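Subject: Structure for you to look at

Dear colleague,

I am handing over the structure below. My notes on it follow.

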Amino acid sequence: MKTPPLSFEQIRGNIRIPQNKRSISITDDEAAALYNFLISHNWKGKRTVEIGFAYGYSAAIIAGTTGALHTVIDPFQKKYGNMGIRNMKALGLWKNTTLIAGYSHWALPLLLKKKRVFDFAFIDGGHLFDGIFLDFYYLEKLLSPGGFLLFHDASLPQTRMVLGWIASNRPDFRFLQVSQPNLCIVQRISNDKRPWWDYHHFNLYGLSRFNKLKQLIRRIIGKI
Ligand SMILES: C[S@@+](CC[C@H](N)C(=O)[O-])C[C@H]1O[C@@H](n2cnc3c(N)ncnc32)[C@H](O)[C@@H]1O
């Protein structure tokens, strides 16, 4: 395990998010799971990309853990009072961050055209089914062999449909266990060898019984 440039407490303690907007960002538990995932995985590379910047919590976790260059894509940073940028500056991470101020559907094809490659990608931008699918469509083409792709809001039906399609149609990806029910990680394990006519029916990606129970309790009492 490597020593990351910033501790989890340093990041959490310095991120400012308006109290009434807290639900926009990943939770502290999800941030901790992401932090632990990034420090415990044996990285071959360190190139990271993320869709959905907002207040910069997940960006700070990713950049603060790897200490490497991080690319974030989001057209609406001004609507967040540039607080994502300010949080990254406060943590000394802004110099290593590139913000592409645009929609992912135009930023990702440009990155692909520039032959950029990433080892880790986080999807937390637009939350419509077609947007999530499109983000996956491009990000997997930008992903290095063995690279990881993390989905937020993995319990939303639209995300689970995208995950269900991957589970049934993309044998070149494997699903990894994550402790947080709202996160899902897939890893590229081989090349895409599908013939042009390939298609397999798919369903909502299943939750484990434990996660289903946890989500039910969460819905009833509000939080875990
Ligand atoms: C849930 S927030 C992201 C929170 C952030 N990942 C965190 O945990 O700190 C979703 C973000 O996606 C951005 N967004 C919405 N549609 C987008 C799109 N089509 N392309 C890129 N970003 C988008 C919004 O501006 C917003 O900042």
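Helix axes here are lines fitted to C-alpha atoms over the stretch in contact, and angles between them run from 0 to 180 degrees between N-to-C directions. Please keep in mind that this is a predicted model.

Helix packing

On that basis, helix α5, residues 104-113, packs with helix α6, residues 129-142, at an angle of about 15 degrees, and the two axes are 10 Å apart. Angles under 35 degrees count as roughly parallel, and α5 and α6 are therefore roughly parallel to each other. The crossing in which α5 passes α6 is left-handed. On the α5 side the contact is made by Ser104, His105, Leu108, Pro109, Leu111 and Leu112. On the α6 side Leu134, Asp135, Tyr138, Leu139, Lys141 and Leu142 take part. Sorted by type, the residues of this contact comprise 8 nonpolar, 2 polar and 2 charged.

Strand pairing

Strand β6 covers residues 173-176 and strand β7 covers residues 183-188; they pair in the antiparallel sense over 4 bridges. Within the pair, leucine 176 is placed opposite isoleucine 185 of β7.

Positive phi

Most residues other than glycine have a negative phi.

Asparagine 82 has a phi near 55 degrees, a positive value in a residue that is not glycine. Asparagine 82 sits in the loop that runs between β2 (70-73) and α4 (83-90). Its relative accessibility is 30%, so asparagine 82 counts as partly exposed.

Lysine 115, also not a glycine, has a positive phi of about 60 degrees. The loop between α5 and β4 (118-123) holds lysine 115. With a relative accessibility of 70%, lysine 115 counts as exposed, because the cut-off for exposed is over 50%.

A buried serine

Serine 58 belongs to helix α3, residues 57-66. Is serine 58 buried or exposed? At 5% relative accessibility serine 58 counts as buried, because buried means under 20%. Leaving aside residues up to four places away in sequence, serine 58 touches Ile26, Leu34, Glu50, Gly52 and Phe122.

When you open the model, you could start with the contact between α5 and α6, then turn to the loops that hold asparagine 82 and lysine 115.

Regards

Terms used. Residues are numbered from 1 along each chain as its sequence is written. This is a predicted model: local features need pLDDT of at least 70, side-chain atom pairs count only at pLDDT 80 or more; totals for chains, interfaces and linings use all residues. Side-chain values use heavy atoms; hydrogens and water are left out. Two strands pair if DSSP finds at least two bridges between them. Helices (H or I, at least four residues) and strands (E, at least two) are DSSP runs, numbered from the N terminus. Angles under 35 degrees count as roughly parallel, over 145 as roughly antiparallel, 65 to 115 as roughly perpendicular and the rest as oblique. A crossing is left-handed if the near helix is turned anticlockwise from the far one by less than a right angle, and right-handed if clockwise. Contact means heavy atoms within 4.5 Å. Ala, Val, Leu, Ile, Met, Phe, Trp, Tyr, Cys and Pro count as nonpolar, Asp, Glu, Lys and Arg as charged, and the others, Gly among them, as polar. Buried means under 20% relative accessible area, exposed over 50%, partly exposed in between (1.4 Å probe, protein chains only).
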